[in-house]
Amino acid sequence: MTLSVPPHPSTPDALLAAIAESGNAVTQGWMRLLSSAPDIERASSLQTSYLEQQSRLWSALLSGHKESLVDDDDDKRFASREWRENPYFNYLRQSYLLAAKYVEEVVDKATLDAQAKERARFAARQWIDAMCPANFAATNPAALRAALDSKGESLTRGMANLLADATKGRISQTDETAFELGRNIATTPGEVVYENDLIQLIQYAPRSAEVAKRPLVMIPPCINKYYILDLQPENSLVGYAVDSGHTVFMVSWRNVGPEQGHYDWDDYLELGVFTPLRVAREITKAEKVNALGFCVGGTLLGAGLAVMAAKGEDVVESVTFLAAMLDFADTGQIGLFVDEASVAAREAAIGRGGIFPGSDLAFVFSSLRANDLIWPYVVNNYLLGEAPAAFDLLYWNADSTNLPGPMYCYYLRNTYLENNLRKPGALLNCGVPVDLGKVRLPVFVLATREDHIVPWRSAYRTLDLLSGQKAFVLGASGHIAGVVNPPGKKRRSYWVGEPFARRGLMTGAVQALVPFSFGSLRLHRLEAACIPSNAASIRLLEKTGFVREGYAREYLCINGLWQDHVLFGRLNGTA
């Protein structure tokens, strides 16, 4: 195909015509690709139906009447009115969505084993998301309108944004000039009371008339900075805990460089878990501490507790796990990136020394939710030429931390690949065998329903691994927003298993922290009952209207997770 594009369009109409013609070429190319199914599907009813629908759309466009074959009212990518009112853009939108559905169905019908099919689904979704017509200036009506209204200035700004992000090596997701550590983020007063080659330990100043004698030690994820738990004053978990009377210590992980590239998993336990627990006890002169681990920090804390149990060290009174995994049987989409070949390649490259860049891991996490964390910013920053809005969570998300190669490779192999942490005696950490079952402590576990990094069912399995009293809460939202969720905003709901709540220890540190992480309008309790089967539970949930039809299974801890009782739901008061 030969394009005839004026080299220097002198009017807005000429500019629009040039962009539109280029857009037609792009669109026609990938639509032809999508209309050609693999040979194995060429005679199938699936392909026939797809081609018939595409033909109907094309005929409607040529005849000038509207044809509606898809329902996408909730798709934010097509929010501009032109996607429905303009025949051309209406055709693009529906043709793309039909093609996307077709590709997904082709993958679903492919003869593949479960792991290969999940990888194929992920790859297909990445490609489908990338090829959305909203992601191209020539086929995005909002971008075209902005270019015309600004006489091309939006395109100039977009190019400047693209060059700036290329220099940084990542897509800007927030206005990074809006935040400054110590000024409007990470502002809870405190001081560094200890440091070694891997961490600094922060002790926060008290803000209550009395403080608890037993300190609370927080271990955040080592792949990002500590201040996720101390963002702005209104959503700081640290500030909330301090105001509740806790003496709070926070581990701040070092962004390691080549000099620390030799550290392994045991070093992270010794320097990043055991040492902070010891220093906090020494400073406060307390016999024990309450410990909290978030995400990978929770995994490290769990392994550390097993080591201390094996050594007979009784220095932790209670433990809280926030969106953390100890059982890696189901790791969600992240597991699609991990296989023997990829882990062996990492081990060969950095397993004996070196650095795994935090930016690489940040990109992987963003790709899991590309339509939320990648493409909206491509459109906003580059096509519309706008600056991203200020958002503290995304500012923190961009502030990643490197990991030493030996530590990262050990973690990858023994959790995501082989799931050895959950197997009694399979690992030897700090000279002793690891058995999570010997950890006999009051345990509080928080998972979030939409977590794409720590699936909530995986977090729930922690209860089966540890001994002692247990409490589990399923919160709404995702990995970060479901945890950093102050009660004043009243934006989230949560669910608790009443039998575990009764057996669990909901006092002390746990009781003080629960209102922060689970600020909700209503409290939905899942209560034990003698019901014949999960199927009966599902019917009851849907019949009573507790959940929408088809969603009851999400509110039942199935697949063997609840082993001693069956649950059904009912609304039981307000929080």
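## A pair of strands to start

Ala291 stands opposite Val319 in strand S6. Strands here are DSSP runs (E, at least two residues), helices are DSSP runs too (H or I, at least four), and both are numbered from the N terminus. This is a predicted model, in which local features need pLDDT of at least 70 and side-chain atom pairs count only at pLDDT 80 or more, while totals for chains, interfaces and linings use all residues. Residues are numbered from 1 along each chain as its sequence is written, and side-chain values use heavy atoms, with hydrogens and water left out.

## The whole chain

The protein chain holds 21 helices and 15 strands. Of its 575 residues, 52% are buried.

The accessible surface of the chain is about 26,000 Å². Carbon and sulfur atoms own 52% of that surface. Such areas come from the Shrake-Rupley method with a 1.4 Å probe; for residues, only the protein chains shown count as cover. Now take the contacts with a separation of 6 or more: residues 24 or more positions apart account for 78% of them. A contact means heavy atoms within 4.5 Å.

Strand S5 covers residues 289-294. Six of its six residues are buried, so S5 is largely enclosed by the rest of the structure. Val289, Ala291 and Gly293 point one way. Asn290, Leu292 and Phe294 point the other way.

S5 has partners in strands S3 and S6. Two strands pair if DSSP finds at least two bridges between them. Strand S3 (residues 216-219) runs parallel to S5, and four bridges join them. Met218 has Leu292 of S5 as its bridge partner. Strand S6 (residues 316-322) also runs parallel to S5, with six bridges.

## Two nonpolar cores

A nonpolar core is a set of buried Ala, Val, Leu, Ile, Met, Phe, Trp, Tyr and Cys residues joined through side-chain atoms within 4.5 Å. The largest one has 113 residues. Which of these touch the most other members? They are Met218, Tyr268 and Phe321. Leaving aside neighbours within four places in sequence, Tyr268 contacts a list of residues including Leu198, Trp253, Leu300, Leu403 and Met407. A second, separate core has 24 residues, among them Ala100, Val106, Ala124 and Cys132.

## Helix H16

Helix H16 (residues 405-417) is mostly covered, with eleven of its 13 residues buried. Among the buried ones are Met407, Tyr411, Arg413 and Tyr416. The buried residues of H16 pack against helices H9 (265-284), H10 (296-311), H11 (340-350) and H12 (358-368). They also pack against strands S7 (355-356) and S8 (403-404). Just after H16 comes Asn419, with a positive phi of about 55°.

Ala186 sits in the loop between helix H7 and strand S1 (190-195). Its phi is positive, about 55°, although Ala186 is not a glycine. Ala186 counts as buried because its relative accessibility is 12%. Ala323 lies in the loop between S6 and H11. Ala323, also a residue other than glycine, has a positive phi near 45°. With a relative accessible area of 1%, Ala323 is buried.

Gly332 is found in the loop between S6 and H11. Is Gly332 buried or partly exposed? Its relative accessible area is 32%, so Gly332 is partly exposed. Ser458 belongs to helix H17 (residues 456-460). Gly332 and Ser458 are 126 residues apart along the chain, yet their C-alpha atoms are separated by 9.1 Å. Ser458 is buried because its relative accessibility is 0%. Not counting residues up to four places away in sequence, Ser458 touches Met325, Asp327 and Asp330.

Thr247 lies in the loop between helix H8 (237-243) and strand S4 (248-253). At 11% relative accessible area, Thr247 is buried. Beyond residues up to four places away in sequence, Thr247 touches Gln203, Val211, Ala212, Pro215, Leu216 and Thr284.

Met159, Leu162 and Leu163 make a nonpolar surface patch of about 280 Å². Patches are made of residues with over 30% relative accessible area and no salt bridge; like charges are joined within 9 Å, nonpolar side chains (Val, Leu, Ile, Met, Phe, Trp, Tyr) within 5 Å. A salt bridge is a side-chain nitrogen of Lys or Arg within 4 Å of a carboxyl oxygen of Asp or Glu. Met159 lies in helix H7 (residues 153-168). Met159 is partly exposed, with a relative accessible area of 46%.

Technical notes: Buried means under 20% relative accessible area, exposed over 50%, partly exposed in between (1.4 Å probe, protein chains only).
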